[in-house]
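Please consult the sequence and the structure while reading.

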Amino acid sequence: MANFRDLALKYVLSEDEPAQRQIVEAAAKEIDSARANSTVVGNWAASVQQWISPASAGDDDVEDGEDGASGNILTRAKALSFLAGTLEALDRATLKTDQVLRLIGFFGAVFSYDHKAGITASAKALRQLYAMKNFRPDMAAKIIEDVCKLKEDFRLQTASTRLEIYELILSLVEDSSISSELQYHYGQSCGFVVDLLQLCQAERDPKNLMIWFKILAVILADYPQSPEVTEQIFKAFSAYFPISLRSSATPTAVTPDDLKGAVRSCFAAHQRLAPLAFPFLIQKLDQGDAITVAVKVDILKTIEACITQYEHPQNSVVPHMDKIWNSLKYEVRNGEVKETIDATLHVLRAIANKLNGSEPSGLKSYIDLVFKDCRDDLGSPTYTKQAGLLLVTVISANVRAYILENANLVGCIRQNLAQSKSPSHTKDLVLLLNSVLKERQKLIKTRKTEDEEQLKNETLTHLSSLFHEVYLPIWTKNISSPDTGQVDVLRQVVQGLDALVGQQVLRADGQVMLLCSRTTCSDICKLLTRILVKGLALSSNDNAATDSALEDDCVVALRNIVMNYGDGFPELMSGVRAEIRRRDWVTSSQYSLDALKDLVSRLAFIGCSEIPSNNALDVPSTRPYSPLQHFITLVAASLDLFPLAVPRDESVKEPLANSYLICVIHGAMLYFRDACAARHKPETLSARSSSDNNWLQEFEALPGDWLQQLDSADEATDEKLYSLTGDEPEVYRQFLRLSLFTLRCLYQRAASGTQPPWSDRILGQLANIAGLVVRSLDEKLQSLCNLAREAFNHFSAQTISPNKPRSELLTFGILEGLWPGAMVDLYKPGGVAETLLCDASDIGPPRAAIGAILANKHKGGPSTPDPESQTIKKVLEFWGNQIKEATTSTTTANPEAFTALNNIAMHIFAGAIARQDKNVANLVVPVIHEAISSEHANGEIVARSAGTLVRVGSSELLSSENHGVVRRLYKQWIYNILVKSLYRDVLPTADQDPARSGRHTTAILSIVSECPFKVYEEDLEPLSRLLITALNRPARGSEGLSSGLQTAASALQVLNEILANEPTTLEGHLEAVINGAVAVYGECSPKNKVSSSKSMVQCRKLVLQLLGALPQKFEERHLLSSSRKLQRMLALACGDPVRELRAVARQARANWEKLV
């Protein structure tokens, strides 16, 4: 059997917490094994007797500063901690009831005689005893009585000791069985509460206050008490209000908001506090400027919490309603601080919501009270906004309040509109009317089942007549020649019409339908459409900024209107189409073209940025509903209008109007795709980007004007389209199907059409549409439709030559979005890929992009001899030979022709590099190295373009969205096998041509500037010397794309990266870096005749960024020698003709001015 005295002694002498834990666990195990034998428990309790005996306790008379006193206090505390720790480790069912009672008496007695040593341990021990299985609720009263014996000594305890006591009390008062016992024991007098209030009245520690406030809130909520006790509790916590938290050297986890919330929970704990809380809080609020905004918000939030949580509002809230309103209304009427106004409105809304569930007279009386004070203010331009805000807040709090008073409010608004004092007053009144409508929309949308009966019986005459009796007269009065004030009124009218059309009503049968009639909705659409198309009839002298703002509001309103009123968009498009056809777009002015561009882009937004709803009307629509109906209408109209302009002879400049129609189709697709993405998760849409059917085969059975027929059909001609609801993800699949059909139509027209109207601009836009549509389809559907073949057939029956530049644009558009698995057939030996790429006769711009795609997106693995890899091997070998021949030939060089050919080669190489093709090391790297080292003039072109090898892989061309095959470390890979081998030839020697060294420098920097810092981090030393050499190389020439200028830009870009990541590398080269940067800036100076070229502007910007960062990275001693010179240069740079550069120069100058 363990000797408890020895264990206690070891515990008292130990300073190691793990060792102490093992000791108490050993003691607990001994008690558990003895099944709480009374002798064993007695021996355990007596084991600490030597430290807490009366003789020892008497040492408290010794002064605290003496060693004996200090030692006795510490040992007694540790001895009692031994007992508390044992109880914590003890099984909860071990101790018997009488043992628990005796131990409570033992530890409770400590609160009477040992205020210095035993309080913390005793509180912990009592918490453990409370958790014992055989603890009885009637024991709690004894614990509380013993704790309260601390009296004045409680505040002398440490904060952590007091925290233990608070947590002990909280655990007791929260226990429902103890609560019943205490209520029986004390009754409504709650004597223990009074003792606790006296004990804890001086608490200031934040953590302790959090627990203390929680204790008070529990007592108020769960313990019946006399009004006198309630008042004492209220005085205890209200003394802290408003509470704040002082900054401390030892900050706690408690925030000011935590404390405010804790006090607030006390105020809102029970409705019996209402007669005390509301007058107290209102008195605090009425102090005016004597309180800060933060305190005022705290008061308002506390009032709101009380209103929300008090039960029986007729007895708790209604008696104080007048005082609350009379105090709060001025916070809005005369208020200027948004936080205060918002908090006040929350309180007013809370009152309405609280009264919603009580007797009807309570809510009606409250609304009447608000109306009585606000009605007259609606007629005053000074207070219209504030009064409206108060009224709308109250009546829109719930459906019941709205139905009670919205007709009265609308009547007041109409009456004041008839007697409006000014355009500004009219605007505010219309804004208020709009708010009433918008709040009604929210209430309908968020309605509960219990609200539906009230909504079915709602009177609606005052709302359904608003268009003809309110909005239309105001519109007619202000539209003729509006000034700024009238335009503001018109903008509010537009927003009101938007809200009006969106109003829904609940019929008696439960069906939801639009409030406005079909005729009214149509009239509103026509009214706003006139604003939309007005720009087509104006000149540049007619339109003003105010018109633009009104047009923007009309666009948003029309978008919302046609989403509710489905027939609105066909009506809109009919009117717009007629307006567009009336004009000659071949000779139109630039202003008219800009107006057309704005119009069609707005149409795409109006019709396709959301999925239309299927709302019932008073007269059913003759058109079947489909979530895609607006998209079909817009695309069909665009196809019908195209081409808008066909030049009568080739001397006429290409009309831009045609390209705008292709743009609107592209925009419509983007908007509708985003609308689907807003409703469904990406994985849901991804699952609908496939099909088991070949859509192109289905299209062959459809007429060419199928979309136009769908648009004009009076019945559901396609079950897949007209059986959908707006919330179904299947909408996305049908959208892709329609988009592919549209693409097929346009490609067939372009393939068979003559040059006008199919210009390169339009073909490029068509390629963008193809990329969008094709990349959205999954690999299976792309393969089923054989889109790889269609990239070259253009959806025609016969193959079209891919070597024509115009057809190459269309080919690129489809290839860009294909999955590698859908392109397998192109790589057969002697197939399309090999034939196209092994042909250097056509070197048009699209061929480079096509080459990069075909060299990258094939399924062949990195080491398997598959047909795709074999084909690409032939292609790489072919273009390697082309570069080799062009850089070694003795014939006269044609720089322009070789630049185009080299661009194609580099793109093909880049496509293979991005996927780390195994053939690059053998077929590409040696050729590039040899070409750069060549003395041939074309070698310089190869060196300048070397950056293309890594740039293409990170471009949109091979992005993951376009399903490119891009290895994560491909830049590191090509750097290691190509760039590292170039370093040894960079610095010129006696037997080496400086021009050759310069080409190597150009190539290295061209590649490195496209790589992240981590790629070249280990080569910073040789790279730094190379960068300085590049900066100080003279004679860059004046052409914007000259080799020297391009190399300097690359060097500056890399230097900025090094400076951001590893500036110490440049510490020994600072003077050379600064001199080189200043020299580059001088050569790109704004005084230079071509200083506005992009390359020179870029160089100047990079120089300024580099110089501006130096003072932030290096100590002053490294920079002082250059300070004067640079400050003069930067002062001149602050006058750069480019605004962006002036801002960079000012920042750089400010950084250098900080140097001493």
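**Backbone and helix packing**

Reader: Does Phe795 count as buried or exposed?

Author: Phe795 has 8% relative accessibility and therefore counts as buried (under 20% relative accessible area; exposed is over 50%, partly exposed in between; 1.4 Å probe, protein chains only). The model is predicted, so local features need pLDDT of at least 70 and side-chain atom pairs pLDDT 80 or more, while totals for chains, interfaces and linings use all residues. Residues are numbered from 1 along each chain as its sequence is written, and side-chain values use heavy atoms, without hydrogens and water. For Phe795 the class is thus buried.

Reader: What is the phi of His794?

Author: Most residues other than glycine have a negative phi. His794, in the loop between α42 (787-793) and α43 (805-816), is not a glycine, yet its phi is positive, about 60°. (Helices are DSSP runs of H or I, at least four residues, and strands of E, at least two, numbered from the N terminus.)

Reader: What is omega for the cis peptide bond that joins Phe241 and Pro242?

Author: Most peptide bonds are trans. Pro242 lies in the loop between α14 (227-238) and α15 (256-267). The bond joining Phe241 to Pro242 is cis, with an omega of about -5°.

Reader: How are α1 and α2 oriented to each other?

Author: The axes of α1 (residues 4-13) and α2 (residues 17-33) come within 9 Å and cross at roughly 160°. Axes are lines fitted to C-alpha atoms, for helices over the stretch in contact, and angles between N-to-C directions run from 0 to 180 degrees. Under 35 degrees counts as roughly parallel, over 145 as roughly antiparallel, 65 to 115 as roughly perpendicular and the rest as oblique. The orientation of α1 and α2 is therefore roughly antiparallel.
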